[in-house]
Amino acid sequence: MSYDRPYNNRRRNRDDYERREVYETPEQKLRTAIIRLGEVDVVQEIPRVVKQIREQAAGSVPAISEGFRIGVTEQPYKIPYYANLLRLLHDPAEGEPEPSTSGSPSLGKQILEDFWKGFQAFLDKLSWRETRLCIHFFAHLTMAKVITVQSMSSLLQSFVAVLDEFGVSHGRAKRAGLCAAEGLMIAGKTLKEESVTNVTDIIDAIQTYIESTASSKRLVQPVALFHANLDSLENADELLESALAVLKALNSADFSESVDSYPQPYADLPDLPDGAAAFELPSVLVPPEIIELDGLSADTGEEAQVKKEEWPEYYIRLFENEVTPNPVSPAGYAVRSALLDIVEIFEVNRKECARLLLEYPKWTLPGTFKPRPGTPAELQPEPVPGKNWQLESALMEIVLGALFVLPQSTYKAIYYIGLITEICKLSPSTVGPAVGKSIRKLYASLADGLDVEIGRRFAEWFAIHMSNFGFQWVWKEWVSDLSLSHNHPKRGFARRAVEFEIRLAYFERIAKTLPEAFQAEGASVLPEHAPGPDFEYDEPSNPYHNAAQSVLNLLKGRAKADDVLAHLESLKTAIGETADGDVNVDAVGRSVAVQSLLNIGSRSFSHFLNAIERYLPVLRSLAQGGPEAKTDILTAVSLFWKRNRQMIAIVFDKLMQYQIVDPTDVVGWTFTNGVGNERGSSEGSSVINAHDWDLLKGALDKANGRVLVARRRVTALRKEEDDTRARAKASGGGDVASMEVDAEIKPDEPESAVLTTAVKAFTSLTSQQKSTLARALEGFITCLGSASSDGQAGPVAPDVVTEKAWHNRANWTDEEWNTWETWGWYRHFCRAYSPYLRNYSTTLGTVSLNKLEGSTDPAALQIMKIWNVATGEEA
Amino acid sequence: MAHVVQSLDQPSNYKDSQARVDRQKQNELLAKSSTLYVGNLSFYTTEEQIYEVFTKCGSPEDGGGVKRIIMGLDRNTRTPCGFCFVEYYTHAEALASMRYISGTKLDERIIRCDLDLGYKDGRQFGRGRSGGQVRDEHRQDYDPGRGGWGAQAQRAEIERRREVEERYADANGMAAGGGGDWKEINAPPTEQTLKRGRSPEDDASGARQGQRARMDEPDPEAERM
């Protein structure tokens, strides 16, 4: 774009002017040389870098080892070459005497000693990824005979020991297990030569641990088969289990396959020179997790620390083993975990991440990936049987796999989505087809039990991806699926995807991308009109048309809140007098007032904020009148914005923010009234669909977020006051007597008013959090548990979770699919909010689940089972 | 982790020439800013579209979310002129947007985000001589998403354009706060003003009248490039 140029030039000049020239010290240059190793041709560069390091080594060992540390933990694909480099630094320099005669340790050994300190620091902080990657490095160094086999074996044992700790958390066990497993994959050959039992001990310990997690696996498997107790799935693999399978495979052939999985550039180097002893890794203890005790407990007395990543980690498969690396094969695991590490490490810069992912093949053994199209035949490596994978498909499978990890991905979904966009931008012609195939594969799996939350993320990715690539999708190929029942997951996906696309663009833009069949009214994919407000009282025929107009006029004229309230009172009286039959004048008043307020704020999000901020006193007054008043307000919002569900979520969020309604109100409303939106009526059994889930999630997150903020505030204030006290105590110094007096008085000094208020707020918010969670649990039980007394549960609730029903799903009607989806959201609720539910499991369980106790009904049993797993009562 | 690559969440070298604080203070503010400047928007992009994208970086479970969006307007015509401010509740969310959203497309244009010192009433207006953004003064090509050569728009955009042109006719440069921290409802009446949920800086100024007067003659350099 030409207009960018003059502007950018000007800017660049100014930037140059402001940015000082960066001078690197010789030490920094050395560090940089190590970090940049292999940017052109690693094998050629190694001797040059060895030389450079030797020339400047004097006094620079810490800088050199820092270079290694950064290289190993931030560019793990270079680890084998770093091992090679360090091995060469163990040789005496030209003209230097043999170590046996000089007596001083080799440069390589000095670096390794310093490197070890860095490893110890990572371990002390429990920086698991860095720790694991250092272990990779050590394992390669063991293969290069730089580190003793015995000490490497002990190091891995220390990590295996974590699996046996009493009450070890899943996250900790998983990460420690992976450290041991991956170290063994790389160095297993020499370790096994040294001791067979050490190797089998590691494998057995991981196996035993995995066996203890059978139940929790079922809550996070990406395919939801409620009837089945499957230990393994066809198209998804659990990370630690994959590692175990790989270890077993490697072990059965005495780790001879390792050499086909990991580059070993050092393999042909001779043994360490005479007199140079191999390095003994000191023994370590994996430090326990730090539990912060801030003295703020939920009412059960348990700590409300929110721990994530406490679940088995499933990665979905989209392609065949011939196309993408098989995660349970040694070579496949090595490639996948290396790519996953790149995705995680380079989260700070998705553009660089995309570039590195596409360049990854150059770090692998030749023949791992198919050559890029256009590579001259003479440069193409011999394809390796069992490998020769497609890079782009592998990248899609891995990035999408990371995006779809349940209950939540490591980073925000938008990171993975943006990363895929960047990969596509770098190589559109090769990545484009892989994206298309992935979408088709995921779409097909919607019919076979793809988890509802993954379905939601899929639609989100699809819409954002399309919005970055001109909304070009061949919808035509899905036309035949329009004959499926309305709430079949495939049709639900099409509706959601189009809805999200419209939110990101605008109605006409998306309409023209859809074929005729999708635009047709019966397809119910595209709404009839562009999303917009729907002011119920606009129609002159509406009995309250005039009343609403009078309120609107006051609001448009910026009348004072008091005047508006007075007018509303008089309107209610008038309506009460003239209405025929039973009219709830309060409800009518609320609906007229709220819809009128939304109407003056309907032009944009800011207009809405302005409108409600101006009339907060009116809203507060309307909200007084118990839960019914809140329900009326929320219903009025949902009616006014029934053609724009994005706005319903936005308005609900802000009504909670301004404390007009509480999260509990929104949760309650969603279960009782929320279902009307997509199905057009609130008749029939109560179910939760994806849109309802968005509202529930909004409310639950709001309640949880408030507790977190309040907790942080109390902690900060306490610390501040402690510090003040300590300072006061210290400055009182000198006179011993006075200090003693101080010491007696200070602890009894009452906390400040600010702190008291903060603690009170924390207490209120904690109880709100609890009631919000309780309301949600109760809502789900009412939807699904046929034992409930009020009969809101669908008659099909127990049936859809049986095996027989599932195999008959081709004949399911909307009712079955709705119930199945509700089950899915219940499962997701339990696993996603499990850290919070655990805190209140006793009280919540007693209140809500009591009525299901002793029931033999399959639905009741399923509800209990999912709950028990999520709250940790069943492992 | 930024030894090997530069993190995308670093603020640019932009310096707000109108800000009345020195460079060091500006850097301190940026280091905890929860506000983004968003540029290269189409003139037709709505706040709801912006909300939809930026809510992806929201962390309501950490007490975050989109606090408010302030559309940048041409100070003469009161129509969007291609930039906006997005304010979150937390700094981390603004950083996440820099990493994940800046440089991706919204409404089929690549948008650019930058950490901002924080919105002040009046900054929503363009600083260009014509009333729009300064950068549009330098533009020499045809850009349908930004009003063509000047006033012409593509046929397909006409409907959106009409809606947009009317939408902000009432803009007075005073932005809503978006709702503040949770407060005990039965708090003493002295907290009444806080309960309106405005931003602290809005409350602190306390000079509504003064601001309004200033609004009538908007700061000619109020926005940023």
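1. How many salt bridges does the rule find across the interface of chain A and chain B? It finds five. One of them joins the side chains of K56(B) and E460(A), with N and O 3.1 Å apart. Keep in mind that this is a predicted model.

2. On chain A, 72 residues are in contact with 76 residues of chain B. The two chains bury about 6500 Å² between them. Carbon and sulfur atoms carry 49% of that area. The rule also finds 40 residue pairs in polar contact across this interface, both residues at pLDDT 80 or more.

3. Which helix of chain A gives the most to the side that touches chain B? Helix α33, residues 690–731, does, with seven residues. By class, that side of chain A holds 27 nonpolar, 17 polar and 28 charged residues.

4. Besides its salt bridge with K56(B), E460(A) forms one with R456(A), where the closest N and O atoms are 3.9 Å apart. The rule's limit is 4 Å, so the pair with R456(A) is counted. E460(A) and R456(A) both sit in helix α20 (residues 452–468) of chain A. They are four residues apart, about one turn of the helix. Side chains of opposite charge can pair when their charged atoms come close. Over all chains, a search of the whole structure finds 52 salt bridges.

5. Now the layout of chain A. The domain assignment gives domain 1 (26–95 + 104–260), domain 2 (321–371 + 385–469), domain 3 (533–642) and domain 4 (646–724 + 755–874). The C-alpha centres of domain 2 and domain 4 of chain A lie 32 Å apart. These two domains do meet: 10 residues of domain 2 are in contact with 13 residues of domain 4.

6. The area buried between domain 2 and domain 4 of chain A is about 940 Å². Carbon and sulfur atoms give 61% of it. In domain 2, P407(A), V452(A) and R456(A) lose the most area to domain 4. Together they make up 49% of what that side buries.

7. What polar links cross between domain 2 and domain 4 of chain A? The rule finds three salt bridges and five residue pairs in polar contact, both residues at pLDDT 80 or more. The side of domain 2 that touches domain 4 has five nonpolar, one polar and four charged residues. A salt bridge also links D448(A) and R809(A), the closest N and O atoms being 2.7 Å apart.

8. Two backbone details in chain A are worth checking. A cis peptide bond joins L406(A) and P407(A), with omega about 0°. P407(A) lies in the loop between α17 (391–403) and α18 (413–426). N388(A) is not a glycine, yet has a positive phi of about 55°. N388(A) is in the loop between α16 (350–359) and α17. Most residues other than glycine have a negative phi, and most peptide bonds are trans.

9. Finally, the annotations. An unreviewed UniProt entry places "domain: RRM" at residues 34–118 of chain B. The end C-alpha atoms of that span lie 8 Å apart, and the span is 21% helix and 36% strand. For chain A, an unreviewed UniProt entry gives "domain: MIF4G-like type" at residues 325–516 and 535–837. Residues 325–516 of chain A are 57% helix and 0% strand, with end C-alpha atoms 40 Å apart.

Notes. Residues are numbered from 1 along each chain as its sequence is written. Chains are lettered from A and ligands numbered from 1 in the order in which they are written. This is a predicted model: local features need pLDDT of at least 70, side-chain atom pairs count only at pLDDT 80 or more; totals for chains, interfaces and linings use all residues. Side-chain values use heavy atoms; hydrogens and water are left out. UniProt positions are given in the numbering used here, feature names are shortened, and annotations may be inferred rather than shown by experiment. Helices (H or I, at least four residues) and strands (E, at least two) are DSSP runs, numbered from the N terminus. Domain bounds come from an automatic or database domain assignment. Contact means heavy atoms within 4.5 Å. Buried area is the accessible area (1.4 Å probe) that two parts lose on being put together, summed over both. A polar contact is a pair of N or O atoms within 3.5 Å; within protein, one must be able to donate a hydrogen and the other to accept it, and residues adjacent in sequence count only if both atoms are side-chain atoms. Ala, Val, Leu, Ile, Met, Phe, Trp, Tyr, Cys and Pro count as nonpolar, Asp, Glu, Lys and Arg as charged, and the others, Gly among them, as polar.
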